[in-house]
Amino acid sequence: MVNSQASGGTPAPRSCAGCGGKIADRFLLFSMERYWHTRCLKCSCCQAQLGDIGTTCYSKGGMILCRSDYIRLFGHSGACSACGQSIPANEMVMRAQGSVYHLKCFSCATCRNRLMPGDRFHYINGTIFCEHDRPGVLLNSHLPPLQSSSVLTDQKVC
């Protein structure tokens, strides 16, 4: 995202990608190969004016997002924490400890059974275990205390 100021001469008026109106403002934003009024470039989720909250914005699946909403929806990388593949914007996901997974990838590391909404699981050092296959404390005395959670689904639409 680039914040531009009109230079010396009178530039040709540009059309705003958000509202379609002419941009006669002193400042305009350039993002996603289009020009925007500063008031029109907003996060698709929280409606924050992106020019007011930083110098970057994110785009995925036709949505324009602030950093916080991008990370909330797609994780830090925009990819599944298990397989590393990109997660489409309209796909349902599973989440654990800030990581995001495809539904098919959210499975027990031991038995490979896919975890479903309502199932209990344990998340240990970035690894998911179903309730029955959690590693025993006797196997490794250096394991942190088990953190139990219930599986929740979340749709990537604001």
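Which residues of helix 2 (residues 67-74) are buried? In this predicted model, they are Asp 69, Tyr 70, Leu 73 and Phe 74. Seen down the axis of helix 2, these buried residues fall within an arc of 105°, so they line one face of the helix. The points below take up this helix and then turn to the aromatic rings.

**Helix 2**
- An α-helix has 3.6 residues a turn, so residues three or four places apart point the same way.
- After helix 2 comes Gly 75, a residue whose phi is positive, near 75°.

**Aromatic pairs**
- When the whole structure is searched, four aromatic pairs are found.
- In one of the pairs, the ring centres of Phe 30 and Tyr 35 lie 4.7 Å apart while the planes stand at 50°, so this pair is tilted.
- Phe 30 is partly exposed, with a relative accessible area of 25%, and Tyr 35 is partly exposed, with a relative accessible area of 25%.
- The rings of Tyr 58 and Tyr 70 have centres 4.8 Å apart and planes at 20°, so this pair is stacked.
- Tyr 58 counts as partly exposed at 26% relative accessibility, whereas Tyr 70, with a relative accessible area of 12%, is buried because buried means under 20%.

**Cluster and charge**
- One aromatic cluster is formed by Tyr 101, Phe 106 and Phe 121.
- Over the ring of Tyr 35 sits the charged end of Arg 14, 4.2 Å from the ring centre.

How values were computed: Residues numbered from 1 in each chain as written. Predicted model: local features only at pLDDT ≥ 70, side-chain atom pairs only at ≥ 80, totals over all residues. Heavy atoms only, no water. Buried < 20%, exposed > 50% of the residue type's maximum accessible area, 1.4 Å probe, protein only. Helix = DSSP H or I, 4+ residues; strand = E, 2+ residues; numbered from the N terminus. Arc of directions from axis to C-beta. Phe/Tyr/Trp six-rings, centres within 6.5 Å; stacked < 30°, edge-to-face > 60°. Lys NZ or Arg CZ within 6 Å of the ring centre and 35° of its normal.
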